[in-house]
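Here are my notes on the model you sent. Please read them with the coordinates open.

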Amino acid sequence: MSEEELQLHFTYEEKSPGSYSSDSEDLLEELICCLMQLITDIPLLDITYEISLEAVSTMVVFLSCQLFHKEVLRESISHKYLMQGRCLSYTSKLVKTLLYNFIRQEKPPPPGAHVFPQQSDGGGLLYGLASGVATGLWTVFTLGGVGSKQQTPELSSPLANQSLLLLLVLANLTDAPDAPNPYRQAIMSFKNTQDNSPFPSSVPHAFQINFNSLYTALCEQQTSDQATLLLYTLLHQNSNIRTYMLARTDMENLVLPILEILYHVEERNSHHVYMALIILLILTEDDGFNRSIHEVILKNITWYSERVLTEISLGSLLILVVIRTIQYNMTRTRDKYLHTNCLAALANMSAQFRSLHQYAAQRIISLFSLLSKKHNKVLEQATQSLRGSLSSNDVPLPDYAQDLNVIEEVIRMMLEIINSCLTNSLHHNPNLVYALLYKRDLFEQFRTHPSFQDIMQNIDLKHCTVCASVHHLIPPQVICKRICVTTTLRTLSIIIILIFVSL
């Protein structure tokens, strides 16, 4: 039923015999306030677990009206009650309680402690309905509700799952005409419990929460796309928690689950992959993060199956996973924006590349080789199509120009990534230099291309700098001009690697 019809069930009108009054009492606001009080004020015990779960689930159901509107719902009876009036004073307490429910991941109590009869799936009376409603709700709010694969929610902690879904729905409610969304304001402004600085008077609905516990929970729960969306929301909107996370010395605990999501891209829905990638984009905007990930050494990454990685830096692993995502996208989904975001993450990191793993350097050049072949293929198809059109004026020409522009844009971004690395950290990446010299023929066709001449000149200059650095150890006839060498590539490469190792 519609919200208006629902509201009639909670409208009480007292009538005496023979009289009529237009005044009536709306009990819907009273019910919503009572639900918020149940969630925030009742301590979480075995005997209160079920009533807390039902209260959270009922709140989700009251917000389900968005599912029946194609456009984003700007006005709603439930939204109005939540954003103004009596319920407004519970904003920060509700957000804090929902976050702590997610952090604690409390499991359902043993059977003897249940107040309500249990369903076979372990949820409460409304769990199945509200879980499906909430999953659909935040998908509609944030991602348009297109292209997602429905996944069975984790039932190890139904209350934590429902609390997280309700929190995401509240955070993505549209602003009221005269006031911003208070729940989003609360998420944007909460601070660490160890932060003793006073809250600015201009920040409403602020509160404190234990950042360490929240960070641990986020690291452990990234297998679900709703937890990944919460991580994205916090990194994007709360500067306090973004600063805290970037200052952590154990960033691998957070980054590795995100990389594993991208690595298993074919098993994840597109929304989950996009959120994981955008999280990497946010993280790689920080130079300190880009430096520190190359100092973290990982051993035996079991979920990476292409090659046995006994020892690799977190930065090199990140590069490998992002490149694999690009190659998967080139052959399967062919999403231009996924390409752009992946390359943007690599570009953010490129100036801070340090001691790249040999396999990571090879994959960078292999990706460039794949792009070169694709460019040549499309160019050949365009040429053949043009020749065919000269003999038959009635046949329409396929639009190869757009495909070429896209490929050339991606190739230029790859060249800029390589150039940035050579410019800022050439002496720290001998494996990449070796890979570039070994596959130097790949770059020949782009030296005379008007779209790449400037960037190719820079890359050639860096290679000449490498050769000049070993001038005193190599006879004059071995010194390269541009990227060409007069002696065998193997000899020069070995000498360069030895010099870098000695440095």
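The points below run from confidence and overall make-up to individual residues.

1. **Basis.** This is a predicted model, in which local features need pLDDT of at least 70, side-chain atom pairs count only at pLDDT 80 or more, and totals for chains, interfaces and linings use all residues. Residues are numbered from 1 along each chain as its sequence is written, and side-chain values use heavy atoms, with hydrogens and water left out.

2. **Confidence.** pLDDT is the predictor's confidence in each residue, from 0 to 100. The chain has a mean pLDDT of 80, and 76% of its residues reach 70 or more. Helix α9 (residues 211-220) has the highest confidence, at 95, and helix α6 (residues 127-143) the lowest, at a mean of 53.

3. Two segments call for caution. Over residues 140-154 pLDDT stays under 50, and the model has 33 contacts beyond four places in sequence for them. Residues 470-488 also stay under 50, with 26 such contacts. A contact here means heavy atoms within 4.5 Å. Where pLDDT is low, the predicted coordinates should not be read in detail.

4. **Make-up.** The chain has 22 helices and six strands. These are DSSP runs (helices H or I, at least four residues; strands E, at least two), numbered from the N terminus. Of the 503 residues, 49% count as buried. Buried means under 20% relative accessible area, exposed over 50%, and partly exposed in between (1.4 Å probe, protein chains only). Of contacts with a separation of 6 or more, 71% join residues 24 or more positions apart.

5. **Core.** The largest nonpolar core has 133 residues, and Leu 317 and Ile 364 have the most contacts inside it. Such a core is a set of buried Ala, Val, Leu, Ile, Met, Phe, Trp, Tyr and Cys residues joined through side-chain atoms within 4.5 Å. Beyond four places in sequence, the contacts of Leu 317 include Leu 256, Leu 298, Trp 303 and Tyr 304.

6. **Helix α16.** This helix (residues 336-350) has 15 residues and reaches 21 Å from first C-alpha to last, close to the 21 Å expected at 1.5 Å a residue. The expected span is 1.5 Å times one less than the number of residues. Its buried residues include His 339, Asn 341, Cys 342 and Ser 350.

7. **Phe 289.** Where does Phe 289 sit? Its place is in helix α14 (residues 287-292). Phe 289 counts as buried because its relative accessibility is 1%. Leaving out residues up to four places away, Phe 289 touches Leu 246, Met 251, Val 255, Leu 283 and Thr 284. Leu 246 is 43 residues away along the chain, with a C-alpha separation of 6.4 Å.

8. **Val 378.** This residue is in helix α17 (residues 358-391). Val 378 is buried, with a relative accessible area of 8%. Its C-alpha is 9.0 Å from that of Ile 407, 29 residues apart in sequence.

9. **Cysteines.** The whole structure has zero disulfides (pairs of cysteine sulfur atoms within 2.5 Å). Cys 34 is in none; the nearest cysteine sulfur, that of Cys 33, is 7.1 Å away. Cys 34 is partly exposed at 30% relative accessibility, whereas Cys 87 is buried at 0%.

10. **Backbone.** Most residues other than glycine have a negative phi. Gln 105 has a positive phi of about 50° and lies in the loop between α5 (91-104) and α6. Ser 355 has a positive phi near 50° and lies in the loop between α16 and α17. Gln 105 is partly exposed, at 21% relative accessibility; Ser 355 is exposed, at 54%.
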